[in-house]
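Please look over the sequence and the fold shown below before reading on. The paragraphs that follow start with the whole chain and then turn to single residues.

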Amino acid sequence: VGSNVSGTYTSSDGVIEGSIRNGVFRFQWLERDTGGKGSGRFILAEDGQSFTGNWGYDNNPDTVSSIWVGKRLSRNPNDVVNDPRGGKILNLGDGH
């Protein structure tokens, strides 16, 4: 059974949406400011605290343009976390 996920990020007014199945988040992304778009795949750690994956500029989430790793900064999806480089970091909270 899959779960739909959507969100936004501050870089280039970005949006991301996709679904999670068996611990893998496959998604499409779009940067509304630049028109950049593509797809990607994140593999979620069993403990739900981090992920590894890739993203690219085409419609195949298995195509690798760049590697991406991340970790959960908060369990509250309403928390906003400051990025030390400026802007805000997308928080993948779990709503609990």
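Of the 96 residues of the protein chain, 21% count as buried, where buried means under 20% relative accessible area, exposed over 50% and partly exposed in between, with a 1.4 Å probe and protein chains only. This is a predicted model, in which local features need pLDDT of at least 70 and side-chain atom pairs count only at pLDDT 80 or more, while totals for chains, interfaces and linings use all residues. Residues are numbered from 1 along each chain as its sequence is written, and side-chain values use heavy atoms, with hydrogens and water left out.

The protein chain has zero helices and eight strands, helices being DSSP runs of H or I with at least four residues and strands runs of E with at least two, numbered from the N terminus.

Within strand β5 (residues 50-56) sits N54, which is buried at a relative accessible area of 3%. Leaving aside residues up to four places away in sequence, N54 touches several others, among them F27, F42, V64, I67 and W68; a contact means heavy atoms within 4.5 Å.
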